[in-house]
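Please look over the protein chain shown below before reading on.

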Amino acid sequence: MFLSLFYLMQAFGGCNADPDAWDVYNDHLAYGSGPCVIIQNLSTYKTVAYAALNYGIITCVKYDSNGFLIVGTCHGNLMILDPATVQVSSVLTFNSSITHLAIYENDILLSTATHGLNHLIRTADGLHLEKSFYSDLRCVALNLIRFNNVLIFGLGHPDGTVQLFVPSTGSSVTLEGYAWSLSLKFCKVSDDSILFASGSQERTIRLWRISLEAASEISKLHVSVTSHATLETDSTPFHVELFANLEGHSDWVNCISFSSSSTLCSASFDGQVLIWSAQEGSDYDISIRLGTTAVADDQSGFIGCKLLAPNDVMALSRNGGFSRWIDGKTVRCFAGHYDGVTGLTWTSIGCFLSVGLDNTARIFGIDRSSTAINGDTTYRELARPLIHGHAVFDCAQIADDLYAFAADEKNVRILQPSQCFVHIYPHEKLVSKHLPFASMVHPLSLDNAIIKDAESVEATFAPITASDFMKDRTPDAHEMWLTRWPEYKSIFGHERELRQMTVAENGDWFATGDDRGGYVVYDKNKLEKRARYVRDDSRTITTAISASPDSTMLLLVLENGIVKLIDPVTASILKTINADKQAYSCGWSRNSQYFIIGGENGISIYEREGEFAAHYDAGFVTAIEFIDEYTFIIGTNSGELIQLVYTPAERAFKETHRYQRHADRVTDIKANRQTNQILSGSNDHTILLQNTVI
């Protein structure tokens, strides 16, 4: 599990859509992506650590006061993760998923899906369960604090009420609320008082003051008090009074965060992050609005926020990406897939494309916009060419300015970069092309409509304007829904939904396979079918398809172990091989003289014409990529990435290196032989970029 940063360059993954699945400590952002924990540097944008865990989806990630991570999972596991070594310790298991987690100094409060609350103590030797409470409570938000040496819990109930609870005395106060309070926060004002805030589905933020004074001092704040109560402690009672209702959002308030008692921020599904400020003795007012109100799909809107400083705020979009603003100006942050990654491809314009089960295609590159840092060689998401209504399974480059996508539908979509993309990524192979301005999807449509020029934007898609599309910087995660690429052409040819795609790198054709074993070969220049659709009698899903490097042969693999060698000119089957059952991957040697089939029983290598050569028990192999004639990398069902060398004279295999592994099935591997790098995608939601070892 130990991470070698010499080989791992970057990890990409979207944050899980759980309110407590991320945290910031100093300059490090840690978050759960599928079953993995990724730690990124907010200044250098480099990956600090990547933990491929095997405890289920990560639901909670919080730093403790010593910089260690407390991690909770959907399987009820709670553990300590050392960011320096990526080692796990002190694993506890609860009976259901951990849904919320809060830490204050050495106290930890967590809620589970069906088994109530648990209070734990963090000591030098690990995590220790102190006490369990409210076994029937399904908490919707929680937090804790120690005030005047008294531990206080803040609890959001499913009936909309908010409870303050002192576990040492059992005293509690029920506060006003009519809909779920999705975020609860405490903030110290002085030694004699603290603030308690809730953000709710009512679109309202409520602020209470908890004080030690025997007599209320709320009158000094010159605001209206609508309720008050008392929390009994072992010493001085605490007086609780509501003194403000803040309204500024048009949708649910999903998260709030304090920088100090005079500054807080809030995030909402309405696509905005608001920063609220108050001078001493005055009400809170909105000092700045961040984000956008032009939320027209399910990719935008915020579910989390955190004030890193009074002028520095981060927010998490429901699409798994982070946005950040300093002094109201956009600052680069992180984004990635929030479901399994299904396909990858390098491009001739210095980027790579990825597609996944989150219904998106994303393009990553080195920032060339005006806000890029000189010397930065890290990749970031530049655009989201396809935001679809179906899972996207594969992608490929057809030309410098044409890219093909295979989704859970019967047609291949050919997309073209937009002028807006070239404006932020002015690659020499694109700047001379005549490209459409931008793209957007009409209501009830799946097609990326072409917007020819800036003048056409408002006429068709008002209230969106041309300036929403055309930016002088790389868009933030919450703006990616405006970065679609225009659809150049849609090619129909299959009778069933697509699953796999391959392009002849030195030829004039490409091919696709579907979920019933059928395939189609296309003309790469004319962008049309070269031959008729070919069915498969077994009606078994296509799990892999590959063009030989010399572009003279097409290899098709079905899940039931049937392998077909196909003539790409006539689309006729030259030979059928019955390989091992449960076949999931294939790959050609770079000299096109051998191909490998991978599956449940390891790998089998065949000579070009289909003659069996050798077998190697490599486990359940789900992805294969050759680096050269005889060196290749396999990905396994358990997430391993292993480099092997085949010696034809001895018909033998030798393992030469193991790369940083994934936490789940490796779905695709792509090598960049010019830069000596590999990309791997996985069901664990992440993409790993690593240096190859030759």
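Which strand gives the largest share of the lining of the second largest pocket? The answer is S18, which contributes 8 residues to that lining. The model in which this pocket is found is a predicted one, and the pocket has a volume of about 1,200 Å³. Its lining is made up of 42 residues, and those closest to its centre are Ile 103, Asn 143, Lys 185, Phe 186 and Lys 306. Among the elements that give two or more residues to the lining of this pocket are S2, strand S10 (98-104), strand S14 (141-147), strand S18 (181-190) and strand S27 (302-309). Sorted by class, the lining of the second largest pocket holds 23 nonpolar, 9 polar and 10 charged residues.

**Enclosed spaces**

Rolling a probe the size of a water molecule over the atoms shows where empty space is left.

| Cavity | Volume | Lining | Lining by class |
|---|---|---|---|
| Largest cavity | about 160 Å³ | 20 residues | 12 nonpolar, 4 polar, 4 charged residues |
| Second largest cavity | about 100 Å³ | 14 residues | 8 nonpolar, 3 polar, 3 charged residues |

In the largest cavity, the lining residues that lie nearest the centre are Cys 333, Phe 334, Ala 335, Arg 380 and Glu 381. Strand S1 and strand S34 (379-387) each supply at least two residues of this lining, and at least three residues of it are drawn from each of domain 1 (1-133) and domain 2 (347-489).

For the second largest cavity, the residues nearest the centre are Cys 420, Phe 421, Phe 469, Leu 482 and Thr 483. Helix H1 (419-424) and strand S38 (438-441) each supply at least two residues of its lining, with H1 giving the most, 3 residues.

**Cores**

The largest nonpolar core has 24 residues, of which Trp 22, Leu 29, Tyr 50, Met 314 and Phe 322 touch the most other members. Strands that give two or more residues to this core include S1 (8-12), S2 (22-25), S3 (28-33) and S28 (312-317). Apart from this core lies another one, of 22 residues, among them Leu 353, Leu 386, Ala 407 and Phe 421. Returning to Met 314, its contacts beyond four places in sequence include Trp 22, Leu 29 and Phe 322, and also Gly 304, Lys 306 and Cys 333.

**Domains and one glycine**

The domain assignment divides the protein chain into domain 1 (1-133), domain 2 (347-489) and domain 3 (496-691). The centres of domain 1 and domain 2, taken over C-alpha atoms, are separated by 34 Å, and the contact takes 6 residues from domain 1 and 6 residues from domain 2.

Gly 493 is found in the loop between strand S40 (487-492) and strand S41 (498-503). Is this residue, Gly 493, buried or exposed? Gly 493 counts as buried because its relative accessible area is 13%, and buried means under 20%. Leaving aside residues up to four places away in sequence, Gly 493 touches Lys 410, Val 520, Lys 529 and Tyr 533. Gly 493 and Tyr 522 are 29 residues apart in sequence, while their C-alpha atoms are 9.2 Å apart in space.

Notes: Residues numbered from 1 in each chain as written. Predicted model: local features only at pLDDT ≥ 70, side-chain atom pairs only at ≥ 80, totals over all residues. Heavy atoms only, no water. Core = buried A, V, L, I, M, F, W, Y, C linked by side-chain atoms within 4.5 Å. Buried < 20%, exposed > 50% of the residue type's maximum accessible area, 1.4 Å probe, protein only. Helix = DSSP H or I, 4+ residues; strand = E, 2+ residues; numbered from the N terminus. Contact = heavy atoms within 4.5 Å. 1 Å grid on protein atoms, 1.4 Å probe; cavity = no way out; pocket = protein on both sides within 12 Å on 5 of 7 lines; lining within 4 Å. Points joined across faces, edges and corners; volume = space filled by probe spheres on them. Nonpolar A, V, L, I, M, F, W, Y, C, P; charged D, E, K, R; others polar. Domains from an automatic or database assignment.
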